[in-house]
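Here's a quick briefing to read with the structure open beside you. Take it one topic at a time and find each piece as you go.

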Amino acid sequence: MIGAPFPVRPTCLEIENFRGFRGACSLDFGQDLTLLMGECKAGKSSILTAIEWCLLGTKIVSSTSTGIAERGDWILANTMATGETRVTLTLVVEGGKGKLTRTRGLDAKRNAPDQLELTLPGEQILTGNEVEEWLEWTGMPNWDTWKQAFAQHQESARERITDQADRSYLIASMLGLSDYRDLSAMLKKVKPKDLEECAQETLQHLAEDQQRARQTPQQEVNGIQASLQRLNVSATQAGDAELELRRKALIAEALPVGEAIGLPAEQLPHQDWSASEVHTWGVDWRSQVDAHLTPLRQELGDLEGRIRSLTASHEALNPKRVALADARQQLEGLRSKHGSPQDLRAQRETIAGELNTLREQRREQGELNNLLQEALGVIKAGGRTDQCPVCTQDAGGLEQRLQEQLASGGEDTIQNQLDQLASRDGALSSQLQQLEQAQATFQGTEDSLASLEKTLRGQLPPGTQEEAGVTELLAALLAQKVRLEKTINLADENLAGMTGKLEVFGLLLNLRAARERAEHRAGDLSAMPQFAALQDKIDEAAGFACDLIALENMARELEEEQAALQIQAVNQSINHYMSMISPGFEKVVSVHQKHTATKLIYQLVDSEGENLTGTLNQGALNSLSLATFFAGAQFRVSQGLPEFLVLDDPVQSLDQAHQEGLARAVKEFSKLAPVIIACLPSHFTKELERLKSPDDKLCRVHGSDPIQIEEI
Amino acid sequence: MRVLDELEAIIRKRGVRVEERLELLNRLRKSDPSQEQLNQRLAEFKTAIQGAARAIQKEIR
């Protein structure tokens, strides 16, 4: 336990927007005693809670840590507040005064941290964790110690002596043994027994695994033997010599195939490989060979296509040449018979000219005949034979001449000539068409032959003669095809055979391993090197667990030794305060230390050693609770620890005599350390008013909005 | 903490597993919060035991 560097004590409280306090409010504490009197709902308890919140933060209203059920729903900030919540506690510290301020933002989230600031003499300012560390350094209590030993809360006062854990905690605190107790509790929570359970469970599981392992291999052996039987292989082949023969045979079969298909060396089996290594290699053999066969198969397909193409081109060449010769002969025959197409076209042009001339003659003849017919018509219309109605000529003679002229017109002759010429032009057109068709056939055949020859030349090596080149190339391609087919067939045959051989080889290896396991696992687990490693780990863990338990025991032994030194002084102190608070109490109270299997507990007993808490009435219980409260505080004062007490309505179940006794006890203790009390007006407050000294401060708290504090 | 100094004195006086126990005390002195550190150490031991057991199980299965 660290001795306090200076007795820290509060002198002033400033409150802003805290619970019922809307706006700002301040209260100077008395040097010894501060009494806050007021009716219910006046805000007395809120003032005390503000002190606690400033010192200890939100733990005081956290339902998980207060142990005071109704605190869980408390709201810190004033519901009408428009600004942040702030409480400042002025403390007397070494070298002057310090101001501890805790602030919470108006819209702070539930889990958001408060802002904490401490201004020390010399304007040194600490914030956040620095303030927490400073409070710890001065020996200020944590919340658990505070609620049991620094504050008399109505909700938990009696538990201080009636609840075994609380009572033991308080008395241990009174005896200056909190650190020992905290250490023991912390070590106990680590639960070293978990390690023992973990080790036991692990060993149990291993034993079960071993049991299963003893059964499994024989079943495995039987299964493998059945598989071999289905393949007509005897289980006796799993011997070392037989496996060695198979190992060598597999390598001997695989190597030439691998080399033939061009497998890289790392994918080929080595002569010195173990059977197990050969088996592992064999698992991937098929996929590796397949991977290399795929491009070979592709190459074979390409080769076959090339041979087909070359052969087809070569075979098509001669027929094409014969066809070209025929086409040429036919074309030349037609030319010699009909002349050239140009001659034929010139003849047709001449005929076309003649046809045009004849057609013009026929048109003119037609017009002349029309005029003659018209003239005949005029003569006949005149009705006279002696004289033409138009001229003076003889009408009969004129009509006769006109008839003769019409008869000798030559229109039929022209038509005959036209028909002959048209017939001639038709014959010439037919001959021209034959010639053009023969020309086209010849040209097409010639182009086709040129293309074929070009293709063929493209397939031949440069500079080679056609016939010799084709023959030589085809021979080379066919030879290459044969080699490839041979390689692929070799690989296919190997794969077909190796698959079965590798399966048998694997089964035989597994059979040998299963037989070994069946023999090996029948032995003791502890013979395994891994078991020694496990044992080492368990030993280390056991050492750690033993150390934890030993430390816990040592802490308890130290607590016990220290308690023996302090109990007498504490007993005197408790009885002193008990006699003041409860003047008629006749029993002598003693702290009794009791050992359980795992911890020390403290009881309050009478002179006969009987447990007191089970027999006392309400008033006596409350009195004893307060007596232990003051006794504990007195011990801490004697140790130089920071000490001030906060009492919230401490007079419950106390009659006038007890209340007045309590007032005297409070007054006496306040000479040792400051006491701040909130209470309803009562015999207790009256007695304190009577005992008031100049260093005390008595105030009245009014519960109007906002809360007001009036000094009496 | 004074209690840790007193414990150190007892450990040295009794002379049993001194190094290991002083190492534990040092953890308590240095670590904050101490209990979480010890729980973590305990969990490490559990993991080590289970790891060693798995090596055996792998061998015998």
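Two strands count as paired if DSSP finds at least two bridges between them. With that in hand, take E1(A) and E2(A), which pair in the antiparallel sense over six bridges. Keep in mind that this is a predicted model.

**How confident is the predictor?**

- The complex gets an ipTM of 0.90 and a pTM of 0.52 from the predictor.
- For chain B, the mean pLDDT is 83, with 90% of its residues at 70 or more.

**The sheet in chain A**

- Six strands of chain A line up as an open sheet in the order E2-E1-E4-E5-E6-E7, with antiparallel pairing.
- At the edges you'll find strand E2 (21–28) and strand E7 (124–127) of chain A; each has a single partner strand, so one side of each is left without a neighbour in the sheet.
- If you ignore direction, neighbouring strands of this sheet are turned by 15 degrees against each other on average.
- Strands of a sheet pair through backbone hydrogen bonds, and they can do that either parallel or antiparallel.

**A closer look at two strand pairs**

- Strand E5 (residues 96–104) and strand E6 (residues 115–120) of chain A run antiparallel and are joined by five bridges.
- Look for A:Leu100 in that pair: its bridge partner in E6(A) is A:Leu118.

**Helices that pack on the sheet**

- Helix H1 (residues 44–56) of chain A packs on the sheet and touches strand E1 (9–18), E2, strand E4 (85–93) and E5 of chain A.
- The direction of H1(A) makes about 100 degrees with that of E1(A).
- Helix H2 (residues 129–137) of chain A also packs on the sheet, where it touches E6 and E7 of chain A; its direction makes about 105 degrees with that of E7(A).

**Helix against helix**

- How do H7(A) and H15(A) cross? Their axes come within 9 Å and cross at roughly 160 degrees.
- Angles over 145 degrees count as roughly antiparallel, so H7(A) is roughly antiparallel to H15(A).
- The crossing of H7(A) past H15(A) is left-handed.
- From H7(A) come A:Leu195, A:Glu196 and A:Ala199, and they meet A:Ile538, A:Ala541, A:Phe544 and A:Ala545 in H15(A).
- Sorted by class, that contact of H7(A) with H15(A) has six nonpolar, no polar and one charged residues.
- Now for another pair: helix H8 (residues 240–261) and helix H10 (residues 285–338) of chain A pack at an angle of about 30 degrees, their axes 10 Å apart.
- H8(A) passes H10(A) in a left-handed crossing too.
- H8(A) brings A:Ala254, A:Val257 and A:Ile261 to this contact, while H10(A) brings A:Trp285, A:Val289, A:His292, A:Leu293 and A:Leu296.
- The contact of H8(A) with H10(A) splits into seven nonpolar, one polar and no charged residues.

**Where chain A meets chain B**

- The contact between the chains takes 36 residues from chain A and 29 residues from chain B.
- On the chain A side, helix H6 (178–189), helix H7 (193–230) and helix H15 (529–581) each supply at least two residues.
- Which helix gives the most to that side? H15(A) does, with 16 residues.
- The chain A side of the contact has 23 nonpolar, five polar and eight charged residues.

Technical notes: Residues are numbered from 1 along each chain as its sequence is written. Chains are lettered from A and ligands numbered from 1 in the order in which they are written. This is a predicted model: local features need pLDDT of at least 70, side-chain atom pairs count only at pLDDT 80 or more; totals for chains, interfaces and linings use all residues. pLDDT is the predictor's confidence in each residue, from 0 to 100. Two residues are in contact if their C-beta atoms, placed from the backbone, lie within 7 Å. Helices (H or I, at least four residues) and strands (E, at least two) are DSSP runs, numbered from the N terminus. Ala, Val, Leu, Ile, Met, Phe, Trp, Tyr, Cys and Pro count as nonpolar, Asp, Glu, Lys and Arg as charged, and the others, Gly among them, as polar. Axes are lines fitted to C-alpha atoms, for helices over the stretch in contact, and angles run from 0 to 180 degrees between N-to-C directions. Angles under 35 degrees count as roughly parallel, over 145 as roughly antiparallel, 65 to 115 as roughly perpendicular and the rest as oblique. A crossing is left-handed if the near helix is turned anticlockwise from the far one by less than a right angle, and right-handed if clockwise.
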